[in-house]
Amino acid sequence: MYVGTLSFDLLLGDVHSLKEKRSVVRPIVAELQRKYAVSAAEVDHVDLHRRAVVGLAVVSGDVAHLTDVLDRCERLVAGRPEVELLSVRRRLHGDDD
């Protein structure tokens, strides 16, 4: 069994309130969950209106499949025009850990 995680540090564009922030972050989290069957949530900077950290996790029996899903998720977030992707942290955990 393999577990992969990603965390995206995001700078949000023209956002002036936490309500506007939710209207940007929630669709990204929902699309990740819907398209790739991952567990995803906003995990940090919840009180800042222009920053967000979105984390996700995937479990798979095949490391190649796991890497493919993580790559696709990263491309999806990087391609969103309403956010600037500041950094991505990727971790893979296997049976040997």
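This talk walks through one predicted model, from its strands to its core, its salt bridges and its surface.

Some ground rules. Residues are numbered from 1 along each chain as its sequence is written, and side-chain values use heavy atoms, with hydrogens and water left out. The model is predicted, so local features need pLDDT of at least 70 and side-chain atom pairs count only at pLDDT 80 or more, while totals for chains, interfaces and linings use all residues.

Let's start with the strands. Helices and strands here are DSSP runs, numbered from the N terminus: helices are H or I with at least four residues, strands are E with at least two. Two strands pair if DSSP finds at least two bridges between them.

Take strand 1, residues 2-12. Strand 1 pairs with strand 3 in the antiparallel sense, over ten bridges. In that pairing, Val3 stands opposite Val59 of strand 3. Strand 1 also runs antiparallel to strand 4, and ten bridges join them. There, Phe8 stands opposite Val88 of strand 4.

Now strand 2. Five bridges join strand 2 to strand 3, and these two run antiparallel. Look at Ala40: its place is opposite Leu56 in strand 3. The hairpin of strand 2 and strand 3 has six residues between the strands. One of the residues in that loop is His45, with a positive phi near 60 degrees. His45 is partly exposed, at a relative accessible area of 21%. For the terms: buried means under 20% relative accessible area, exposed means over 50%, and partly exposed lies in between, with a 1.4 Å probe and protein chains only.

Ala37 also has a positive phi, near 55 degrees. Find Ala37 in the loop between helix 1 (18-36) and strand 2 (39-44). Ala37 is exposed, with a relative accessible area of 69%.

Next, the core. What counts as one? A nonpolar core is a set of buried Ala, Val, Leu, Ile, Met, Phe, Trp, Tyr and Cys residues joined through side-chain atoms within 4.5 Å. The largest one here has 24 residues. Leu32, Val38, Leu56 and Cys73 have the most contacts inside it. Strand 1, helix 1, strand 3 and helix 2 each give two or more residues to this core. In general, nonpolar side chains tend to be buried together in soluble globular proteins.

Stay with Leu56 for a moment. Which residues does Leu56 contact, leaving aside neighbours within four places in sequence? Contact means heavy atoms within 4.5 Å. The answer is Gly4, Thr5, Leu6, Phe8, Leu32, Val38, Ser39, Ala40, Leu70 and Cys73.

On to charges. A salt bridge is a side-chain nitrogen of Lys or Arg within 4 Å of a carboxyl oxygen of Asp or Glu. By this rule there are eight salt bridges. Let's follow one network: Glu31, Lys35, Arg80 and Glu82.

Begin in helix 1. Glu31 and Lys35 meet in a salt bridge, 3.9 Å from N to O. They are four residues apart in helix 1, so about one helical turn separates them. Glu31 is buried, with a relative accessible area of 18%. Lys35 is partly exposed, at 47% relative accessibility.

Now Arg80. Arg80 forms a salt bridge with Glu31, and their closest N and O atoms are 2.5 Å apart. This pair links distant parts of the chain, 49 residues apart: Glu31 is in helix 1, and Arg80 is in the loop between helix 2 and strand 4 (83-93). Is Arg80 buried or exposed? Arg80 counts as buried, at 17% relative accessibility. Not counting residues up to four places away in sequence, Arg80 touches Pro27, Ile28 and Glu31.

Glu82 forms a salt bridge with Arg80, with the closest N and O atoms 2.8 Å apart. Glu82 is partly exposed, at a relative accessible area of 28%.

Last stop, the surface. Patches are made of residues with over 30% relative accessible area and no salt bridge; like charges are joined within 9 Å, nonpolar side chains (Val, Leu, Ile, Met, Phe, Trp, Tyr) within 5 Å. Tyr2, Val63 and Leu92 form a nonpolar patch, with about 230 Å² of accessible area together. Those areas come from the Shrake-Rupley method with a 1.4 Å probe, and for residues only the protein chains shown count as cover. Val63 sits in helix 2 (residues 63-78). Val63 is partly exposed, at a relative accessible area of 37%.
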